[in-house]
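Here are my notes on the helix packing and the nonpolar cores of this model. Please read them alongside the structure.

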Amino acid sequence: MAEDSKIHTGHRRRMRSRVAENGFSSLEPHEALECLLYITNARKNTNRMAHELIDRFGDFAGVLDASEEDLMTVEGVGPATARMLHLMPDVCRYYTQCRTGRNGCLKTTEQLAEHLMGLFAGAAQERALLLALDSRSRVRATLWLKDGTSDRVSLAIKDVVAAALKGGTDRVVLCHNHPNGVALPSREDIQATENIVRALGLVHVLLRDHIILTETEYFSMRDANRLPFYDLATGEMLRPY
């Protein structure tokens, strides 16, 4: 028993040294999970537990997406470990939001996209939201508009306008995700954006951008010169494309 304990302690020391030298991303999925399990398991064999969890739930992400009840069906996983694993995606999203908004301003498309990816992380269905920004590009309100299916979300123009007015600013960013696709606008996305730009213009709100996300990529209609502009003075829609 004492010899097993020494081997176990030595293994953890080696794993921690690898993370310190090469970073957490250098680990295999079961090794990364094993390291997380150190947090709530001071003495258990987390290597065996990590393998059993991945075998049960398919991969690292599947483990973190599992419910606490399902996690505790794996031998050795108690309430504290199940709660820690289940909370990890929310912790990561919270960290991303805090880091991207550290200076309070989201002035560039990259800053906006990184902030939005944190909000949409792990979404299995299409969702849409509106960010209300103040004159310094700080987020004044995050307004979720609607949840859809795995490949579609439909928005009512009146709901978008109502959310923009609720945000209390004169500039907003629209965002939706393509969880099972690519970060490119469909024909329907382009037409819907034009309708939304016109409707927001009538209430003196500027649509600063419409950003489409996947888990790893984003598409900015503004940067791609696909975002129309509503001229309130003439009532005309100006299309840069």
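1. Ile157, Val160, Val161 and Ala164 of H8 are in contact (heavy atoms within 4.5 Å) with Asn195, Ile196, Ala199 and Leu200 of H9. By class, seven residues of this contact are nonpolar, one is polar and none is charged. Helices (H or I, at least four residues) and strands (E, at least two) are DSSP runs, numbered from the N terminus.

2. This is a predicted model, in which local features need pLDDT of at least 70 and side-chain atom pairs count only at pLDDT 80 or more, while totals for chains, interfaces and linings use all residues. Residues are numbered from 1 along each chain as its sequence is written, and side-chain values use heavy atoms, with hydrogens and water left out.

3. The axes of H8 (residues 157-167) and H9 (residues 187-202) come within 10 Å and cross at roughly 45°. Axes here are lines fitted to C-alpha atoms over the stretch in contact, with angles from 0 to 180 degrees between N-to-C directions.

4. The largest nonpolar core has 24 residues. Such a core is a set of buried (under 20% relative accessible area, 1.4 Å probe, protein chains only) Ala, Val, Leu, Ile, Met, Phe, Trp, Tyr and Cys residues joined through side-chain atoms within 4.5 Å. Among the residues with the most contacts inside this core are Ala164, Ile196, Leu200 and Met221. H9 gives the largest share, five residues.

5. Beyond its neighbours within four places in sequence, Met221 is in contact with residues including Pro185, Ile190, Asp209 and Leu227. Another core, of 18 residues, lies apart from the largest one and includes Leu37, Ala50, Ile54 and Leu71.

Terms used
Nonpolar A, V, L, I, M, F, W, Y, C, P; charged D, E, K, R; others polar. Buried < 20%, exposed > 50% of the residue type's maximum accessible area, 1.4 Å probe, protein only.
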